[in-house]
Amino acid sequence: MAETEVSKKRKRPIVRLAVLLLSHSVLVSVICCTAGVFGLLLLPVLAKNTYISENALMPGSASSMLSNQEVSEANKLIKELNNLHSNPLGATTESHGIIAKYMSNLGAQVNNHKFHPQLNQFHPLHFFSGPDSGVMQENSTRSLYGINTVGIIRAPRGDGKEAIVLVTPYNAVKGGVRETLSLGIAYSVFSLLTRVTWLAKDIIWLVADSQYGEYAPVAAWLRDYHTPAFSNLDSLNTETCHVGNNNFESKISYGIRRSGTMAAALVLGVAYGNENEDTLGIYAEASNGQMPNLDLINIVHYLAVHRQGLRVKVEQFHWLLNSKWVKSLGEVFESLGKMVKTLNPDWKLGISAADYVEGAATLASSLYHQALGVPTGPHGAFRDYQVDAITLEFSLRISFDRLDRRNDFLLHGGRLIEGVIRSVNNLLEKFHQSFFLYLLTSPSKFVSVGVYMIAFALLVAPLPVVAASLYAKTLDLNPTSEKDKSATSNELGSVLQSWKWLNSVKTVFVVHFWGATVSLLPYFISQIPDSDPTTNFSVWILLSILSLEILRWILVSPSSHIYGLPQGEWATLKSATISSFFIGLGLMSVINFATAEIGALLMVPMALMAHPLKLDVRGQSLRSILRMICNLVLGVISFPPATFFVFKGVIEGFSGINAGDFWNWVESLWAWNSATYLYIGMVHLPCWVLCVQILLHPC
């Protein structure tokens with residue numbers, strides 16, 4: 001009988017582990033947060049070489065068919081368009097006609113697509129609607145529209161159910177040699193593809209009218225391509241636009257010609273080079289951290305480097321390249337790699353300090369642009385329709401004016417695009433083999449989701465442990481646990497303890513409701529006429545403070561503070577705050593991991609260390625003083641405007657900082673429907689306010 005009673009009282013291993021974690025929550029927090037930060041710094045070392053997962057792509061398996069004949073035809077188009085720039089008034093209509101004529105002469109189906117520019121005005125419902133939720137300009141006139149020129153090649157071996165898209169932004173009014181060269185590359189490839197017999201997917205060439213920006217015309221065309229609308233725009237499309245050649249004008253249709261599902265899209269651009277060699281820049285980030293399938297980047301990189309001799313580059317934070325502490329970290333990891341290699345030669349963890357600095361600068365840029373949620377080019381419009389797309393920017397080391405150098409550039413650029421199209425043409429289904437969730441550390445190295453999520457998981461792991469530990473401690477403080485209390489007193493104490501917890505949850509709910517209110521305020525502030533960004537930012541702050549006081553006065557009764565023990569009240573509030581923050585980070589990691597990662601780096605330390613300042617002042621110990629200093633520093637750095645100004649000052653310098661810069665940055669977030677804006681207003685800012693309330697708690 002004694003053995004049976006002992007076995008009943010013996011706790012299960014999982015229970016013992018939970019008790020151990022709760023009793024050592026401080027140690028768990030220190031170990032996990034340190035390991036999470038270390039894991040994030042270790043990502044450039046853990047990056048793997050890229051590889052092509054889909055065998056059907058077979059890049060470079062066939063010889064290029066693009067010749068000097070296509071290049072000479074492209075030069076004719078470039079010359080004719082450059083001549084129009086001497087007369088900007090007639091360049092717009094004439095250029096569309098010239099491009100359409102060249103497309104039609106190749107046998108392509110040509111049409112013009114008219115679109116109205118749209119306002120980037122904040123509207124709360126845009127965050128929960130589809131990509132066709134734009135707001136058309138009111139009182140639009142004939143002068144407020146753009147014209148996209150679209151040419152379609154029907155594949156001789158296809159059934160019209162799939163297509164590959166080429167996009168070349170072109171501003172007929174302000175365009176220069178760079179834009180006409182991108183048109184020349186696209187035209188040389190387009191002219192070749194009209195004669196090949198291996199084409200199994202239709203080719204769509206979109207010349208996007210970029211006088212209202214490069215993104216807007218692509219997004220408008222995609223919106224009408226996928227969701228045709230019947231509105232007053234139809235009457236506008238039935239009208240004609242003079243192009244200087246009335247015989248040819250009748251061949252152009254106004255509206256949307258369609259092909260099949262888009263397999264991939266390439267946006268072409270040309271930039272002036274400052275390098276010692278020809279380079280190709282790849283821009284892949286789309287809205288809310290979306291990335292194209294890694295195989296698309298891999299085939300471009302392989303063909304550019306191994307077939308055309310181009311140096312491929314991706315965006316970097318150049319200020320990190322000269323950072324002394326990053327170089328020191330690189331040297332430390334280089335030494336550790338050599339040490340590990342001596343223990344086991346099969347462990348390939350070694351990386352040079354220079355490679356670590358390059359990888360860290362690229363990784364930080366990739367993480368930042370994904371967290372920002374703003375597309376890095378017109379390719380971002382395609383990801384809203386689940387189409388893999390990237391922007392390719394060619395950069396020459398020699399002037400474009402030299403004809404022989406320009407011909408060589410068109411030949412190499414055209415052959416690169418031809419090779420990419422040929423690889424995508426081989427696909428029997430959409431891109432699916434390779435990664436969609438990844439961070440780049442170089443054009444040829446990446447960190448997959450299975451690796452970088454470990455650092456995030458370590459950062460947020462202490463949150464539920466500390467929340468449960470605090471709640472358990474508040475239960476231990478309950479005097480009703482004494483044996484000499486009657487059953488009635490125990491029941492009453494349990495009710496009071498539950499009410500104390502509910503009071504903290506109610507406070508957390510009120511502050512998060514306030515965060516949602518703050519997120520909606522810019523919609524009304526933006527209606528103020530003739531207001532500058534600094535004024536809008538100031539009004540936003542004042543209204544936010546006022547709304548917080550009003551909500552606290554209405555929803556939080558003064559009598560709520562009489563329940564529970566005063567010394568434990570801040571602990572229940574901290575427990576509820578950490579729990580809500582953990583839920584918010586978990587949800588955000590599903591929407592945009594990069595935003596959740598940066599948010600965890602900024603707020604997790606403050607959420608874990610938050611402690612009433614009065615108690616630290618009374619403690620007068622070294623630990624209390626250090627904790628108070630850390631809380632004050634973290635409280636300043638974690639405040640969203642302060643974080644923005646510090647980051648901007650580090651990159652661009654503190655001399656040119658203006659209070660209105662934060663409003664402009666936030667305005668860009670809501671203009672692009674970035675989920676980061678919602679995270680700041682509904683997760684990060686409420687958690688910061690609750691942590692400040694804990695710091696100022698009147699113990």
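Guide: A salt bridge is a side-chain nitrogen of Lys or Arg within 4 Å of a carboxyl oxygen of Asp or Glu. Side chains of opposite charge can pair when their charged atoms come close. Please note that this is a predicted model, in which local features need pLDDT of at least 70 and side-chain atom pairs count only at pLDDT 80 or more, while totals for chains, interfaces and linings use all residues. Residues are numbered from 1 along each chain as its sequence is written, and side-chain values use heavy atoms, with hydrogens and water left out.

Visitor: How many salt bridges does a search of the whole structure find?

Guide: The search finds 9. In one of them, arginine 195 pairs with glutamate 70, and their closest N and O atoms are 2.1 Å apart. Arginine 195 lies in the loop between H7 and strand E7 (202–209), whereas glutamate 70 lies in helix H5 (residues 68–84), so the pair ties together parts that are 125 residues apart in sequence. Helices (H or I, at least four residues) and strands (E, at least two) are DSSP runs, numbered from the N terminus.

Visitor: Is glutamate 70 buried or exposed?

Guide: Buried means under 20% relative accessible area, exposed over 50%, and partly exposed in between (1.4 Å probe, protein chains only). Glutamate 70 has a relative accessible area of 2% and is therefore buried.

Visitor: How is the length of helix H7 to be checked?

Guide: The expected span of a helix is 1.5 Å times one less than its number of residues. Helix H7 (residues 177–193) has 17 residues and should therefore span 24 Å, which agrees with the 24 Å between its end C-alpha atoms. H7 is mostly covered, with 15 of its 17 residues buried.

Visitor: Which residues are in contact with histidine 684, leaving aside its neighbours within four places in sequence?

Guide: Contact means heavy atoms within 4.5 Å. Histidine 684, in helix H27 (residues 675–695), is in contact with Gly599, Leu602, Met603, Ser638, Pro640 and Tyr679. Histidine 684 is buried, at 4% relative accessibility.
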